[in-house]
Each structure stands twice: as structure tokens, then as C-alpha cells.
Amino acid sequence: MKAMILAAGLGSRLKPLTDNCPKVLLKAGPYTLLQFAILKLRSYGYNQLIINVHHHAQMVKDYLAGNDNFGRNIAISDPTDKLIDTGGALQKASCFFVDGNPFLVSKADLVSNINLNAYMASHIQSQAMASLSVRNRPASRYLLFDSEMNLCGWENPSTAEKRIARNSESMQPMAFSGIHAVNPEIFSHMSDGKFSIIDTYLNLASDHQIKGITDTSNLWADAGKPHSLLEASEIAARISF
């Protein structure tokens, strides 16, 4: 099985920790964030991984080489010259997913005990083009879903910005958790360049199935901020591979 780890972020909210170190090599409990992401995917049978890098890219490459890629087949996607956002990163890696099978995408700073097998099984059963892991939690921005968990829109409550992609009488806001299950047919709807994968999902939502899958796992943290890195460290210390 194949998966992509998004590991190119600058880690701006974690400065000064990320001034001389990529965010993905910061420690969360006994693991680096990248190590946790790889070992979690490995524990669910993902044996072919591609990791995109940018900030301190060579440090990430050296770290992987020094740990024999943690026993996985790992390819590197390296748009070091510029950041191309999540959609651009996925499109750049499209040649990795030519076997026609659904694949997983996960950001590297997510620490949780989500069951990836159950998640992928739900995606395959739905026959959706993409299924997004979402949680009912406070967030600065939300994805909007109808009663059948079809993606309908996006909103930023603090600015009152809202984008509706699919009309529904009622829409529930859910926070994206950074894991996607994706069918490779999505690449035919993407172009090169810098863009957010969320924009792609919203563009497709009106006439394609883009689903939300509610993540109710009891251990979850996004390690993108100092306080949540501490929380992620506490959670990671409770998980072994």
C-alpha cells in the first residue's frame, strides 16, 4: 500500500524551534514527528511512502538515510526551490500513484491513534473520490458537510468568509484532521503549480463525491503550535509500535 507524508512546512508557529531544524524532526515523546508518522503507517501495512520536503530538506534526507528509512521504501519529492502548498505537493507526486489504487495522505505533525485500516475501508466502501478525516473540535476554519457527510463548503467564522460548493438545507461544521484517502483519478482534475488541496476538493464537491469521515479516536493532537506539540508529546509517549 502507498501513502504520502506532507513534511514540507516551515513550522512558523513553532519558532524559534524550527529556525535550525525542520518541524518534522522535532520530538514528540520518544519519537520525532516524522518517525511517528512513518512508524504508524508501517504498522498498518503501508510499505511504499513518498515524503515531500522543503524546509531544511537535506536534514530530513540525512535523517531518513541515517535510519535506513525505518525499513520502508521511501521516495522523496523535493520542490526545495519553492513551497507549492498541499495540492501542488500532491500533484507533483502523482507519478508515484500510477497503480490505480486508493492511497493515503497524511501531514507529518499529526499524532493520534486513529485506525487507518477502518478509515481506508470506509473510503473504499463509499466509492468517493476523496475522504477527509474530520473531528468535532474547535478550529479557526471548518469544512461543512450535509447529513450524509458530503462536502458542501468551507467557512472561517472569525472573518465570516464562507464558500458553498454544494447546496444543502443544513450543514454541520467539522474540523479537518489532516488525513486524506484519495483515488488517483483526482489527478485528472488538478494542474501544476501552487494550490491548496482543499480548494480542489471544494471545486469537485458539486459533482463528485468528496466525503468526510468522522475521527472519534481518543488520542489526537496537531503538533503545529507549542502547546499542541506538548500535547502531542504526551500522547506519543502512550503509543508504541
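Before the details, a word on how to read what I say: residues are numbered from 1 along each chain as its sequence is written, and side-chain values use heavy atoms, with hydrogens and water left out. Since we are looking at a predicted model, local features need pLDDT of at least 70 and side-chain atom pairs count only at pLDDT 80 or more, while totals for chains, interfaces and linings use all residues.

On a 1 Å grid over the protein atoms alone, a cavity is a set of points where a 1.4 Å probe fits but cannot get out, and a pocket is an open set with protein on both sides within 12 Å along at least five of seven lines; lining residues have an atom within 4 Å of a point. Grid points are joined across faces, edges and corners, and a volume is the space filled by probe spheres set on those points.

How many cavities of 30 Å³ or more are there? There are two, and the largest cavity has a volume of about 110 Å³. Its lining consists of Ile5, Phe36, Ala37, Lys40, Leu41, Ser106, Lys107, Leu110, Ser112, Leu116 and Ile179. When I name helices (H or I, at least four residues) and strands (E, at least two), these are DSSP runs, numbered from the N terminus. At least two lining residues of the largest cavity come from each of α1 (33–43), β6 (103–107) and β7 (110–112), and α1 gives the largest share, with four residues. For classes, Ala, Val, Leu, Ile, Met, Phe, Trp, Tyr, Cys and Pro count as nonpolar, Asp, Glu, Lys and Arg as charged, and the others, Gly among them, as polar; on that basis this lining has seven nonpolar, two polar and two charged residues.

The second largest cavity holds about 30 Å³ of space, and around it stand Leu6, Thr86, Leu90, Val105, His180, Ile197 and Tyr201. Here α3 (85–92) and α5 (197–204) each supply at least two residues, and the lining divides into five nonpolar, two polar and no charged residues.

Next, please look at helix α4, residues 116–126, in which Leu116, Tyr119, Met120 and His123 are buried, where buried means under 20% relative accessible area, exposed over 50%, and partly exposed in between, with a 1.4 Å probe and protein chains only. Why do they lie on the same side of α4? They do so because they cover an arc of only 95 degrees around the axis, the arc being that of the directions from the helix axis to the C-beta atoms. In general, an α-helix has 3.6 residues a turn, so residues three or four places apart point the same way. The buried residues of α4 pack against α1, β6, β8 (130–135), β12 (172–182) and β13 (210–214). At the start of α4, a side-chain oxygen of Asn115 comes within 3.0 Å of the backbone nitrogen of Asn117, and just after the helix Gln127 has a positive phi of about 60 degrees.

Most residues other than glycine have a negative phi, and two further residues deserve a mention here. His56, not a glycine, has a positive phi of about 50 degrees; His56 sits in the loop between β4 (48–52) and α2 (57–66) and is partly exposed, at 27% relative accessible area. Asp85, in helix α3, has a positive phi near 65 degrees and is partly exposed at 37%.

I close with two single residues. Ser12, by comparison, is found in the loop between β1 (2–6) and β2 (27–28) and counts as partly exposed, at 46% relative accessibility. Ser12 and Leu41 are 29 residues apart in sequence and 26 Å apart in space, C-alpha to C-alpha.

Terms used
Contact means heavy atoms within 4.5 Å. A polar contact is a pair of N or O atoms within 3.5 Å; within protein, one must be able to donate a hydrogen and the other to accept it, and residues adjacent in sequence count only if both atoms are side-chain atoms.
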